[in-house]
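Keep it brief and organised by element.

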Amino acid sequence: MHIYHNFTQLIDIKQPVHWAAGFFDGVHRGHRRVIASAQTEGALRGVVCFTPHPLAVLKPELAPLLLTPSAEKKHRLLEAEGVDIFLELPFTHELAAMSPEQFLDALCSASTVAGISVGSNWHFGKGGSGNADFLRAQAALRGFRACINDMLVEGGGTVCSTAIRSHLAEGNITRANELLGRPFSVCGRVEHGQKLARKLGFPTANIALPANAAVPKRGVYAVQTCIRGELHHGIANIGLRPTIDEKIKINRLEAHFTSWKKGEFYGDILDVELLRFIRPETKFESIDALKKQIEIDLNSL
């Protein structure tokens with residue numbers, strides 16, 4: 001997948017492009033349906049979106065926490081959907097001031113547009129004045145296909161990033177994973193901790209959670225991760241580690257894996273998938289009490 005960051009860079013693309021447009025946070029099942037519809041014979045499949053989230057620039061206090069705060073992970077998820085071209089435009093006040101017509105002018109001038117696929121609730125251009133009806137009219141004028149995808153509804157609710165964030169906050173990881181179509185995961189670099197593995201007797205991996213990340217309910221989860229080509233199962237606590245005496249508390253994932261051999265994983269990038277909620281985060285009276293509970297949690301897998 002080729003990644004571009006402005007319209008000018010698209011000039012070298014010789015083939016037509018069928019674009020899927022949206023923010024695609026989480027690349028959930030609804031997003032993947034929009035991306036799959038970006039299909040025209042002889043055309044490349046492209047995705048156009050913005051970074052950061054538009055509200056982070058226009059109304060920071062309303063900006064949502066992100067299911068995929070890691071740009072690299074979002075890239076991997078899009079590439080897995082068969083995306084050939086990813087146009088990730090920096091969202092600025094100047095871009096926000098573009099009218100819908102100006103935005104389409106820029107996209108169509110930089111590339112041969114075979115089609116544009118969106119969700120039925122998508123808005124673009126200054127003040128969100130461009131919508132599905134506007135896109136259909138512009139497609140007829142400009143000679144490209146407009147593919148408008150209805151929102152995916154399941155179990156009485158819409159498959160959307162907002163619903164997934166809500167389920168995560170409630171600790172309903174099973175439902176969040178169903179809407180995503182894959183396990184929700186925390187991706188990050190393993191950091192040095194307080195060498196608690198020596199006291200607990202379990203290898204641990206500590207990953208700090210970004211401030212803009214959608215974080216599941218604090219507690220212990222059944223998890224899995226792939227480390228150097230091998231799948232490992234275990235448990236992870238998400239939260240503030242209340243039993244541990246620390247001057248500064250930060251939200252983090254601390255994972256223990258049953259099949260880890262002794263070894264250092266500091267600096268490795270791990271993608272830890274959450275499979276099942278086990279229990280809420282708890283403050284124990286001692287490290288020994290915590291160790292006993294970890295043994296119980298691991299035996300529950």
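## Basis

This is a predicted model, in which local features need pLDDT of at least 70, side-chain atom pairs count only at pLDDT 80 or more, and totals for chains, interfaces and linings use all residues. Residues are numbered from 1 along each chain as its sequence is written, and side-chain values use heavy atoms, with hydrogens and water left out.

Helices (H or I, at least four residues) and strands (E, at least two) are DSSP runs, numbered from the N terminus.

## The sheet

Six strands form an open sheet in the order β1-β4-β3-β2-β5-β6, with parallel pairing. Two strands pair if DSSP finds at least two bridges between them. β1 (2-4) and β6 (145-149) stand at the edges. Each has a single partner strand, so one side of each lacks a neighbour in the sheet. From one strand to the next, the twist averages 20°. Axes here are lines fitted to C-alpha atoms, for helices over the stretch in contact, and angles run from 0 to 180 degrees between N-to-C directions.

## Strand pairs

β2 (residues 17-21) pairs with β3 (residues 44-51) in the parallel sense, over five bridges. His 18 has Arg 45 in β3 as its bridge partner. β2 also pairs with β5, again in the parallel sense, over four bridges. There, Ala 20 has Ser 117 in β5 as its bridge partner.

β5 in turn pairs with β6 over five bridges, in the parallel sense. Val 118 stands opposite Ile 148 in β6. Seven of the seven residues of β5 (residues 113-119) are buried, so this strand is largely enclosed by the rest of the structure. Buried means under 20% relative accessible area, exposed over 50%, and partly exposed in between, with a 1.4 Å probe and protein chains only.

## Helix α3

α3 (residues 71-80) lies across β1, β3 and β4 (85-90). Helix α3 runs at about 145° to β4. Its buried residues are Lys 73, Lys 74, His 75, Leu 77 and Leu 78. Their cover includes β1, α1, β3, β4, β9 (185-189) and β14. Gly 82 follows α3 and has a positive phi, near 80°.

## Helices α7 and α8

The axes of α7 (residues 161-169) and α8 (residues 173-180) come within 8 Å and cross at roughly 160°. That makes α7 roughly antiparallel to α8, a term for angles over 145 degrees, with under 35 roughly parallel, 65 to 115 roughly perpendicular and the rest oblique. Ala 163, Ile 164, His 167 and Leu 168 of α7 meet Ile 173, Arg 175, Ala 176, Leu 179 and Leu 180 of α8. These residues divide into seven nonpolar, one polar and one charged. Ala, Val, Leu, Ile, Met, Phe, Trp, Tyr, Cys and Pro count as nonpolar, Asp, Glu, Lys and Arg as charged, and the others, Gly among them, as polar.

α8 is mostly covered, with six of its eight residues buried. They are Ile 173, Arg 175, Ala 176, Asn 177, Leu 179 and Leu 180. They pack against α1 (29-36), β7 (153-154), α7, β11 (219-227) and β14 (269-280). Gly 181 follows α8, with a positive phi near 85°.

## Arg 165

Arg 165 is found in α7. Its relative accessibility is 18%, so Arg 165 counts as buried. Leaving aside neighbours within four places in sequence, Arg 165 is in contact (heavy atoms within 4.5 Å) with Asp 25, Pro 64, Leu 65, Leu 67 and Ala 214.
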